[in-house]
Amino acid sequence: MTLFEPLSGTPSALPGPAAGRYRELYDLLYSNGADAGPQAEVFLRQQMARAAELPCDLPEAPEQLSAWAQARCAAVAQDYAGYLEDRKQGGARRYFSNKAHALYFLQRVAPTKEVDGAWLAGVLEHWQDVRYDGLLNTYLEELGRGDPRQNHVVIYRNLLAAHDCGDKQGLADEYFVQGAIQLALGQCSDAFMPEVIGYNLGYEQLPLHLLISAYELRELGIDPYYFTLHVTIDNASSGHGHKAVESLLELLPMEQGRDEFFRRVAVGYRLNDLGKGSTAVIAGFELQREVIAMLERKRCFGQHMHSDFCQIEGKTVNQWLASPGQIEDFLAALEHKGWIKRNRSPQDSRFWRLIEGNTAAMFGVFSGYEKQLLHDWIAGDWHDPQRPKPIARDHSASDALDAGETHDPELIALRKNLSNQPPQQQLRTLIPWLSAQRHCRPAGLYATRRFIETVARLR
Ligand SMILES: [Fe+2]
Ligand SMILES: [Fe+2]
């Protein structure tokens, strides 16, 4: 049985996959399980039919693309200047109401960011064809050319770990759409290269939200490096945005099939508009609702864990947690009893002191993100007089990784495997290690460096 039934009927009659299906497919493609290839193809055809119905802002002729990309970049720069001016005049943050809101965003775009670059995995096979160089270099840069400090997936994972917000359990299915598209494009590049090129063209143009996110994350004490890195790398004058246009022009057929190719590029371009975009994710945050949803998820684990000696408004904690739908009233009861004092420092709340600190009774019950939700909900309009600590980037972590590499069993096996292979065969061994699932592992990082060296030697 396939997760996604093959196309039939007119595109507009296509239903979206049933609930849970995007995530299921994402996991299947990520684990590269049996049947992943055919499933990816059926899924892509379905998404392309949806994308083809969306409006398109690409110019009519490919020759106009460079000017189009530059105009777009200039418009973003101007909008950003307007944003900065507004902030200088004392305007409020435009995106993140508080730190919990920012972590909410980081968590929900994680399924996409954790496969950053995956749509280009299929260009590795074309290393001999110089027309692919722009795309190949873009992909290798996504992988940090094998340096963990520059590998986009490693950087994003470290960011999630630093704020303990990497848990995907509570994420709705819609957050997996873009990641699944990226993985599927990487899997089926042979059949869909024009679409891959079009998708890349859309993804690598610098968006305004990236600039604003970076600015506001820093303000909230969150390292914006993943985002600032893309500001410098995805620009339209020399970066990935520029390479995207150049590669398209290189690979466009000279005569026959030119229009059809560009039509398919435009469909791939619009695949970027499916699923939930960054600004929609950000706009979807509502603090109280997230606090309640989080406690509701936790309820199942906590309902038998509390002692019965303390009652809150006539019920024990276990009774409050025994059935769904009581969280809002429970929080109100805690406020009533004075255990939660909103709109002041959370330290003044007994409930908060039970959660935060090494000696707190509920130490370790809540993740970093969950604590931030509770903290910001309690704090409300209270402002911490202490500004967030300035962010110092720590590079020593990757030195430790290098040291760890020597004992990594996968890496030892890969090295051994390569040792008596001729260069061409080495590349065939290496390429699977540069895939979305593997390139961020020690053996994948090594394979990326080795791939670059070997290609340079063979040219
Ligand atoms: Fe990236
Ligand atoms: Fe990029």
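Student: Let's start with Asp116 and Glu142: are they buried or exposed?

Tutor: Keep in mind that this is a predicted model. Buried means under 20% relative accessible area. Here Asp116 and Glu142 are both buried.

Student: Which residues coordinate the iron ion (ligand 1)?

Tutor: To read a metal site, look for the donor atoms around the ion. For the iron ion (ligand 1), Asp116 gives OD, Glu142 gives OE, His152 gives ND1 and His230 gives NE2, at 2.1 Å.

Student: And what is the geometry of that site?

Tutor: Ideal angles are 109.5 degrees for four tetrahedral donors. The angles among the four donor atoms of the iron ion (ligand 1) run from 81 to 167°, and the site is irregular.

Student: How are the donor residues spaced in sequence?

Tutor: The pattern for the iron ion (ligand 1) is D-x25-E-x9-H-x77-H. Asp116 and Glu142 link distant parts of the chain, 26 residues apart. Asp116 sits in the loop between helix H5 (110-113) and helix H6 (133-142), while Glu142 belongs to helix H6.

Student: Which residue coordinates both iron ions, ligand 1 and ligand 2?

Tutor: That's Glu142, and the two iron ions are 3.9 Å apart.

Student: Let's move to Arg299. Where does it lie?

Tutor: Arg299 is part of helix H15 (residues 287-302). Its relative accessible area is 11%, so it counts as buried.

Terms used. Residues are numbered from 1 along each chain as its sequence is written. Chains are lettered from A and ligands numbered from 1 in the order in which they are written. This is a predicted model: local features need pLDDT of at least 70, side-chain atom pairs count only at pLDDT 80 or more; totals for chains, interfaces and linings use all residues. Side-chain values use heavy atoms; hydrogens and water are left out. Donors are N, O and S atoms within 2.8 Å of the metal (3.2 Å for Na, K and Ca); water is not among the atoms, so sites may look incomplete. Four donors count as tetrahedral if all angles lie between 85 and 135 degrees; four count as square planar and six as octahedral if opposite donors are over 155 degrees apart and all others between 65 and 115; anything else is irregular. Helices (H or I, at least four residues) and strands (E, at least two) are DSSP runs, numbered from the N terminus. Buried means under 20% relative accessible area, exposed over 50%, partly exposed in between (1.4 Å probe, protein chains only).
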